[in-house]
Amino acid sequence: MSEKILIKANKESNLLDALVYFMETEKMDYIVSNSLEEDDIANIIYIDDECEEINSNVPIIFISGKKRIVKTNDQVINYIVTNLINESVDYTEIQKEYLFKKGIYNIFLHNVSDLLKNDYNYNGMIIDLTEIKTAPYNWVFNFDSIAETYAWLSKMNRMQSDSFVRKSVNFYDAKVYNDSIKEINYLTDKIIDIKDKKKSIDIFILNPEELAKLKENYFFKVLLQNISDTYQIYLVDKDKFAKEEPSIYEAFLDGMTIYEDCIYRDTYKDEISLGFVDCTRETYDKYCELFDYTIRKYGVLMSKDGE
């Protein structure tokens with residue numbers, strides 16, 4: 001029996017993007033169409049288009065902005081009522097990812113997942129999400145694993161526009177700089193970006209002992225070899241920086257990367273992942289300013305030979 005899911009939608013929307021994100025993340029076989037005339041379908045997710053009746057031979061999840069019952073030919077149909085069907089805010093891609101991972105859309109997707117499985121054979125179930133707060137508490141989301149963290153970082157690096165300068169602050173930690181397969185794969189993506197002339201700046205905040213260890217790390221050696229007009233490495237004396245700028249030093253721990261519409265923060269003490277993402281505008285502006293200040297006052301530009 002087919003496991004393909006048909007998403008019936010007449011227009012683009014954030015709700016449709018959330019459903020596609022869910023299908024891709026869960027690796028489900030799906031199709032988006034404005035018609036029900038599709039073969040080999042196991043379930044239908046129907047985004048309300050003011051229809052009065054749906055003729056189908058497979059179970060249906062009907063999504064609408066208000067409670068209303070649709071006629072069917074005695075087929076299983078369950079309902080999700082949500083204001084998201086009319087939501088049209090122009091989010092950035094990273095803000096969307098936050099909402100799909102943690103915000104109101106995540107709650108919606110959990111309910112879609114439950115109704116697709118329908119372990120309890122619901123028929124006529126109405127899930128009303130209209131009273132749930134839609135505004136996010138913050139714009140911060142975490143990862144479920146180290147592998148997911150590396151995958152997200154690689155994806156973000158690939159998405160970078162040619163005009164943007166990606167900026168990173170790095171601290172030494174044996175958990176990260178261990179020449180692991182995940183690290184090498186991430187490095188490979190980063191080197192490809194550098195070769196493609198995507199602009200980036202790395203700050204490494206190190207003491208002399210950490211610098212000596214890092215110079216033996218394959219990851220760091222390759223970065224040094226690829227210093228160019230579009231890729232720069234700055235060293236910052238860790239002991240001096242921590243003494244003279246303790247608040248900035250603490251703000252940078254354990255490292256960070258500034259992307260076009262968010263920042264990624266390293267948290268090496270987290271045993272589940274390596275960091276989290278913050279899309280808050282105030283936080284973003286703050287770290288951009290601190291990064292530029294640190295380079296101006298404490299940064300020492302490195303050359304290819306490591307000097």
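Predicted model: local features only at pLDDT ≥ 70, side-chain atom pairs only at ≥ 80, totals over all residues.
Colleague: Over how many bridges do strand 10 and strand 13 pair?

Modeller: Two strands pair if DSSP finds at least two bridges between them. Strand 10 covers residues 165-171. Its pairing with strand 13 is antiparallel, and the count of bridges is 4.

Colleague: Which residue of strand 14 stands opposite M256?

Modeller: Strand 14 (residues 263-266) pairs with strand 13 in the antiparallel sense, over 3 bridges. A hairpin of 4 residues links the two strands. Opposite M256 stands R265.

Colleague: Which residues of strand 13 point the other way from G255 and T257?

Modeller: In a regular strand the side chains alternate between the two faces of the sheet. G255 and T257 point one way from strand 13. They are buried (under 20% relative accessible area; exposed is over 50%, partly exposed in between, with a 1.4 Å probe and protein chains only). Also buried, and pointing the other way, are M256 and I258.

Colleague: What is the omega of the peptide bond from L253 to D254?

Modeller: D254 sits in the loop between helix 9 (246-252) and strand 13 (255-258). The bond from L253 to D254 is cis, with omega near -5°.

Colleague: Is E50 buried or exposed?

Modeller: E50 lies in the loop between strand 3 (43-47) and strand 4 (53-54). Its phi is positive, about 70°, although E50 is not a glycine. Because its relative accessibility is 55%, E50 counts as exposed.

Colleague: What is the relative accessibility of D74?

Modeller: D74 belongs to the loop between strand 6 (71-72) and strand 7 (77-81). D74 is not a glycine, yet has a positive phi of about 60°. D74 counts as exposed, with a relative accessibility of 77%.

Colleague: Which side chain makes a polar contact of 3.1 Å with that of E97?

Modeller: E97 is in helix 2 (residues 93-101) and is buried, at 7% relative accessible area. Leaving out residues up to four places away in sequence, E97 touches (heavy atoms within 4.5 Å) F141, W152 and K155. A polar contact is a pair of N or O atoms within 3.5 Å; within protein, one must be able to donate a hydrogen and the other to accept it, and residues adjacent in sequence count only if both atoms are side-chain atoms. The partner in the 3.1 Å contact is K155.

Colleague: How far from C279 is the nearest cysteine sulfur?

Modeller: A search of the whole structure finds 0 disulfides (pairs of cysteine sulfur atoms within 2.5 Å). C279 is in no disulfide, and the nearest cysteine sulfur, that of C262, lies at 5.2 Å.

Conventions: Residues numbered from 1 in each chain as written. Heavy atoms only, no water.
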